[in-house]
Amino acid sequence: MSSLACDTRFDLLPVELLIMIFDHLDLDSLKNATQTCRNWHNVAFRSTYIERFKLEMGLPQLSRYFKKDEHGTPIEKRKIKKLITEAVACVRKSQRYYDSLRLNVLPYMLAEFQPLWSALQRKVTANINSLELDLKQTPDKSIVTLLANTIELMPKLRSLSLWTLCGPPSYIVFRHSSVQHLKLHCTNFIAVDMPQLESFEGPLCALAHPQPLVLTKLKHVTLTFGPDRLYGPSIIQRLAQVETMKLIFRVTESLFLAICETCTVLKELNFWHVTVSDRATTRHLSRLVYLRRLTFHSIGIEGKCSFDLDFDLVELTRLEELNLGYIELGETSLIRLPFSIRALTVSISVANEVNVIQSLVSSARQLQKLRLVYDGSKTTDVVVYTMKCLHLFALLEVLVFVNAKISERVFLDMDGPMYRMHYLRFENCDLDRNNLNGLCEMFPNVPLVEFPTVSSWFWAAKFTDTE
């Protein structure tokens with residue numbers, strides 16, 4: 001019996017035929033198939049076939065259904081229900097299962113949310129890895145409870161994002177044993193019990209659930225809303241292993257002290273605003289011996305208008321970047337920096353410029369990046385003392401002036417050229433860029449001088465990325 005010969009190789013099959021074959025595979029089988037050859041891998045993940053793993057649902061603009069017709073009769077809202085029912089039927093009919101879902105729940109969908117979620121749940125529960133829910137209107141407790149109960153049953157879920165204007169009127173706990181990344185965009189009434197969390201973004205009070213006592217795997221947090229005054233500082237005990245922390249709300253002194261005492265492995269810390277009782281409170285930062293980056297957007301002393309603060313950070317021997325550019329330091333403020341510091345942003349005024357520069361010369365001659373932020377009126381001249389001291393920063397490579405008034409002869413006040421400098425920038429400064437005497441002579445190796453006019457706060461965020 002003669003054998004049948006076939007010249008067609010599987011790796012030469014048309015993309016359209018491969019897609020038809022892949023559609024009959026479950027996720028595990030498809031994953032194995034993509035490891036067979038580069039062609040199959042590219043078809044699965046780099047062609048339009050990737051859309052199989054994304055569920056998108058679109059409903060027409062329904063605002064017209066809430067209007068009245070020409071006779072003044074409201075158009076029936078049952079049409080909305082019909083459209084959502086059709087969407088539910090479409091989901092149920094689909095043979096596909098998804099590992100990623102993003103769902104925007106608009107206000108008119110809340111009444112029919114439960115059947116829609118029930119249909120979706122059957123398609124995503126077994127395999128879903130990433131879930132994003134955006135509730136455009138404050139849901140009632142039954143919807144939040146439904147979500148909490150069903151999300152707990154998704155065994156492969158690793159990333160969860162929940163957006164809502166506000167939570168229900170009483171606390172509901174979201175539990176999951178394997179979620180690693182959580183974004184919770186609401187202000188209150190939702191707590192989480194997720195021991196495997198590695199990153200968290202949301203209100204601090206959401207972490208109030210007592211178990212486990214310390215979230216040992218949680219390394220990165222962005223706290224968007226402040227704590228309840230009764231237990232705020234105590235929640236910090238759960239964050240003892242966090243390495244990066246950003247707080248974008250007003251931090252009380254008790255919470256500030258709790259962070260300094262508890263979060264001793266922090267490497268990066270960013271405060272929006274801190275209120276302290278006296279100028280020496282900031283010295284408690286010395287306990288954060290692993291800190292590498294520190295930012296203060298603002299800081300205030302209770303009952304005082306003075307901003308004379310003590311930033312004695314000499315014990316932070318791993319600190320590399322410090323941003324104090326938003327703080328109006330008083331003329332008697334103390335700045336002592338460790339030898340490890342490489343990049344600094346600091347605020348300058350007529351009253352404090354000499355004091356600040358003296359402090360830097362005495363403790364931070366090893367600076368490589370220096371950003372001097374003057375007051376926003378652009379009427380503060382860069383003083384002669386500052387220019388004469390620049391050569392003392394022998395390792396300085398990047399220099400930025402913000403909101404300063406630069407005279408045409410300011411560079412002639414320098415004591416000598418700076419050969420290591422390769423980046424010079426004037427942000428929102430008052431100067432004549434075509435008439436700066438001595439600029440090229442003092443900075444002979446700067447290939448380009450930039451004169452952007454954008455606001456200083458934008459570039460403050462970019463400063464650490466400057467080359």
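Begin by selecting Phe271 and Phe296, both of which are buried; keep in mind throughout that this is a predicted model. The two rings form a stacked aromatic pair, with 5.1 Å from centre to centre and 25° between the planes. Because Phe271 belongs to strand E10 and Phe296 to strand E11, the pair ties together parts that lie 25 residues apart in sequence.

Next, show the strands themselves: E10 (residues 268–276) and E11 (residues 293–296) run parallel and are joined by four bridges, and Glu268 can be found opposite Arg293 in E11. From E11, move on to strand E14 (residues 321–324), which pairs with E11 in the parallel sense over three bridges; here Leu294 has Leu322 of E14 as its bridge partner.

Now select Phe411 and Phe426, whose ring centres are 6.1 Å apart and whose planes stand at 75°, so the pair is edge-to-face. Phe411 sits in the loop between strand E18 (398–402) and strand E19 (423–427), while Phe426 is in strand E19, 15 residues apart. Phe411 counts as buried at 1% relative accessibility, and Phe426 likewise counts as buried at 1%.

For a ring with a charge over it, go to Phe339, where the charged end of Arg342 sits 5.6 Å from the ring centre.

Finish at helix H1 (residues 15–22), whose buried residues are Leu18, Ile19 and Phe22. These cover an arc of only 100° around the axis, which puts them on the same side of H1, whereas the face turned away from that buried side carries the exposed residues Glu16 and Met20.

Conventions
Residues numbered from 1 in each chain as written. Predicted model: local features only at pLDDT ≥ 70, side-chain atom pairs only at ≥ 80, totals over all residues. Heavy atoms only, no water. Buried < 20%, exposed > 50% of the residue type's maximum accessible area, 1.4 Å probe, protein only. Helix = DSSP H or I, 4+ residues; strand = E, 2+ residues; numbered from the N terminus. Arc of directions from axis to C-beta. Pairing = 2+ DSSP bridges. Phe/Tyr/Trp six-rings, centres within 6.5 Å; stacked < 30°, edge-to-face > 60°. Lys NZ or Arg CZ within 6 Å of the ring centre and 35° of its normal.
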